[in-house]
Amino acid sequence: MASLPENVHAALTNLLRGLQSPDNVERTAAEEQLNQEWFAQRPDVLLMGLSEQIDFAPDSPTRTFAAVLFRRQSSKPRKGPSNQTQDAFLTINQPERENIRARLLQCLGKEAEPSVRSKIADAVAELARQHTDEGVPWPELLGGLFQASQSSDPGQRETAFRIFSTTPGIIEKQHEDVVMTAFKGGFADSDTSVRISAVEAFASFFRSIHKKAQPKYYALIPEILNILPPIKESGDGDLLTKALVSLIDLAEVAPKMFKPLFNSLVQFSVSVIQDKDLGDTPRQNALELMATFADNAPPMCKKDPNFTNDMVTQCLSLMTDVGIDDDDAEEWNESEDLDQDESDSNHVAGEQCMDRLANKLGGQAILPPTFNWLPRMMTSSAWRDRHAALMAISAISEGCRELMIGELDKVLDLVLPALRDPHPRVRWAGCNAVGQMSTDFAGTMQEKYHQVVLPNIIPVLESSEPRVQAHAAAALVNFCEEAEKNILEPYLDQLLSHLLALLQSPKRFVQEQALSTIATVADSAEAAFSKYYNTLMPLLFNVLNEEQSKEYRLLRAKAMECATLIALAVGKERMGNDALSLVQLLGRIQNTVTDADDPQSSYLLHCWGRMCRVLGKEFVPFLGGVVPPLSELAAAKADIQLLDDEDQVAQVQEEDGWELVPIKGKVIGIKTSTLDDKHMAIELIVIYAQVLEEAFEPYVNDIMDKIALPGLAFFFHDPVRVASAKCVPALLNAYKQAHGPQSTQLGQLWERTVERVLEVLSTEPAIDTLAEMYQCFYECLECIGKDCLTSTHMATFIESARSVLEDYQKRVKERLEDQADNEDGEEANEEVLFAIEDDQTLLSDMNKAFHTIFKNLGTAFLPHWEKLMDFYTMAAANPDPTQRQWAICIFDDVLEFCGPQSWTYNQQIMQPLVAGMQDDVPANRQAAAYGVGVAAHRGGDAWSDFAAASLPTLFAITQRPTARADDDVFATENACASIAKILHYNAAKVQNWQDVATAWIGTLPVVNDEEAAPHAYAFLASLIEQQNPAAIGQPAKIFVSVVQALEAETLQGKTANHVVQNVKALVQATNINLAQVAASLTPEQQRTVQVYFG
């Protein structure tokens, strides 16, 4: 029975009719009426009326539309009685809410038409979400849904599970027995659709519960898996796809729950992949399920007797499913759509899966079964087999790098003959493999195999098929961008004559690729490219000068890119007048760009940046034309849309450059292409500020206030925040160069900058980006220098650091708990390793921030710094070496920059240094040894006893068996320098000083650490000047140590000259045979002797 009067329903019926009208004017008027009269003034009547329309409207289209409209209107934001913004439904009075909820549940129970019931279920699910999110009780809901899940009507049962699926929060807090019973009933339902809905609901519920609660539900897996075979037997690919998608969800969250039945699931999935009658979608989803297990549980996959062999076989089989109905590739070769989307093709699914298997399972697991097939496939008469084999090599080379790099000659023996294959698609795949291997085996491929790779791929540029020509040129990009100029130089004539020929191709995409490849060759060859400048640059100028139609815009953009990369390669002097001519030409082109989709505009931005680097300060006159459009892009706001329904979501999904984010039952669309442009523009601003410095001053204030500082808190796009963090110190430096370090102007700019930079240290949510924010902070301090922070600033910094350290400790604790749950021998997954790496970077950048504050403010920072003492002392004794290093480095800064006042904290500092000098981790020994040295140098008398007592431990560092190994040598050299500091600054406290000094010379040379070397060698010079027996007795050792440091360039400048003069005097005084000593040196060191000692 309706509770609203008839006239209200009549008005509402008219409104619904108007909202669905095909007439734009009528529909717009109805939308305005809905928003202004109904929603704004009487939302309770609107929602009540819609619920009654759902109940009583005689025709199903009206009931359907009323349900859809109810869902949208109920979730619109509105201020409630307490003036807080909430979902509209929760702002209406309690009695109306109860009435509407009861009516919707009643409608859900009695609606006979499945399509209408589906929309009512969506409306109920939306209300359920609102109640769950806000903690508002709806006691009747759960009982109603559990009752529906046991209804005699399969449609009702399916609907109940659909609502559970969209709003799992409503069952999260229920007793697990109740939940288990409901799901078991659903999994065993007589109706297949209900069983699938139950699986979808379970996957959604399982994802929503806490990790520790998940194991209680592992027992349901056999019942879920039993659902699959009958669906496969029925041949219903759509239902099977739904079930597999839910299993993929579960495999991502808790792959171990499948462990007891994993082999059966592997065999079932393989049978689905093999069954061509099921259609491509379920086959690819079965493949995806197996790949998900490889991603999330590699050890389980490796232990399974069938997984690796079967998966490699199925991937390779799918990869042969290419070029159907196009056996001679005529259609393929005629196509000019090189970016055709084939992501839903079987062969692409197979390639992507091979890539994931290789990356997650590694070469030892993947290479044997793969190379069991590849040689046979490469000699097959079927071109699709040969194509698949080459694409498999491309797919696995990154993941199998460590094992394949030693066998590259054998792999190339398989690949390179394919470049001469009679079938164009096989030659294309050969080029693809060469290009991918050039990237994945970068360095080795170029250095060891250039003499076989380049002579084989350059002739492919002469192919009769344009697509093969273009792909060969693209593969050369990969090869050349990783090649040293001396490797490329002998091939430049051959390369460029072929690439110039491609510029005459009738196919525009071939010309475009040729220009990209020439640009890469120029970038890698650098000055060696000068020889070809006179041939190429006039051609490029011709292309750029021609008035060209729309379809040639990308070609012209590529020509701009190529010309400016050549300019960077050969330099301003070689270009002569061409440099300014090119910039003027770019300016003219910029003035012709009017369309938003013109590719020339984004290419131009990069070209201006390159020409700025070529011309330096001579570029300043052109800034007026460059900075405004760049600033406009850099200041762009985020393009965000609220997508109300599935149709809008589907429409946006079809467009490129959008990211969809689900938030509270709605979907937000973010236009990422705008954000990518914004990021790129800010990066280019950084280049201008760094290259032009004081000449960029006119733009600094505007860019700082409107772009860089707001960009630090641009939470829609991490890269924008990172680029902004690089931009802020670059802008400060440009202003400093223009006005001077002590200027009022710089002080005012810093005053409004420092607050914003400090703010983001406590608000930045992404760990890797937070490290960039700390880097931004300390680079700003380095720019501003002494007295860069007030006491208030330092207090704010410390509170931010406290918050960051507390969060870090929570992450470490969670990782340790997760690790404890891992089985024996199970390694941390890649995600965890990346998270640990991000945290290590964060701690390192925090260290540098502390270091820079101490360096510029000294003891003024101590009262603030000591507030975090608990964190330092806990970290210093932590089993994690990264935390120990972090604490020791901070203590080092206190010793170095606070001098004798550091003694106040001796109880906290001494033990970490003593333990650190004996640490098994070389980086920690290095930090501790350095700390003892600065205690001796800067700490004053109070630290001298401690420093002297540390001598035996420092010598022990230099005497380790691996003391000169790559990992250990910095610790050794720091110990050497610290012993020198103790002997120099704390001489009175060292017993047997002479013996220690004599032994110290044996700890030389210092040939890696540029900071340690000056201390060590200055002390050595003083020993020689004093004609100390330690020096007089070891002239040969001293001579060799000095030559080694000179050759390594750790000993430079005035210190080097001073030391060399003293060593010459020592050689003369001791009459050593220099020729005999020099005979033991390397040829480079002997040349150094000639330079310094004649």
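Glutamate 334 is found in helix α20, which covers residues 330-334; helices here are DSSP runs of H or I with at least four residues, numbered from the N terminus. The model is a predicted one, in which local features need pLDDT of at least 70 and side-chain atom pairs count only at pLDDT 80 or more, while totals for chains, interfaces and linings use all residues. Residues are numbered from 1 along each chain as its sequence is written, and side-chain values use heavy atoms, with hydrogens and water left out.

Glutamate 334 counts as exposed because its relative accessibility is 55%, where exposed means over 50% relative accessible area, buried means under 20%, and partly exposed lies in between, with a 1.4 Å probe and protein chains only. Together with Asp325, Asp328, Glu330 and Glu331, Glu334 forms a negative surface patch. In such a patch, residues with over 30% relative accessible area and no salt bridge are joined when like charges lie within 9 Å, a salt bridge being a side-chain nitrogen of Lys or Arg within 4 Å of a carboxyl oxygen of Asp or Glu. Asp and Glu count as negative, and the place of the charge is taken as CG of Asp or CD of Glu.

The C-alpha atoms of glutamine 504 and alanine 514, which are 10 residues apart along the chain, are separated by 9.9 Å.

Helix α31 has 18 residues and reaches 26 Å from its first C-alpha to its last, close to the expected 26 Å, a span found as 1.5 Å times one less than the number of residues. Because 16 of its 18 residues are buried, α31 is largely enclosed by the rest of the structure.

After α31 comes glutamate 526, which lies in the loop between α31 (508-525) and α32 (533-545). Glutamate 526 is not a glycine, and yet its phi is positive, about 55 degrees; at 37% relative accessibility, this residue counts as partly exposed. Aspartate 787, in the loop between α43 (767-784) and α44 (791-821), also has a positive phi, near 55 degrees, and aspartate 787 is exposed, with a relative accessible area of 65%.

Another backbone feature is the cis peptide bond that joins leucine 1004 and proline 1005, with omega about 10 degrees. Proline 1005 is found in the loop between α54 (993-1001) and α55 (1012-1025). As background, most residues other than glycine have a negative phi, and most peptide bonds are trans.

Technical notes
Patch = residues over 30% accessible without salt bridge, like charges linked within 9 Å, V, L, I, M, F, W, Y side chains within 5 Å. Areas by Shrake-Rupley, 256 points an atom, 1.4 Å probe, with all protein chains shown as cover. Helix = DSSP H or I, 4+ residues; strand = E, 2+ residues; numbered from the N terminus.
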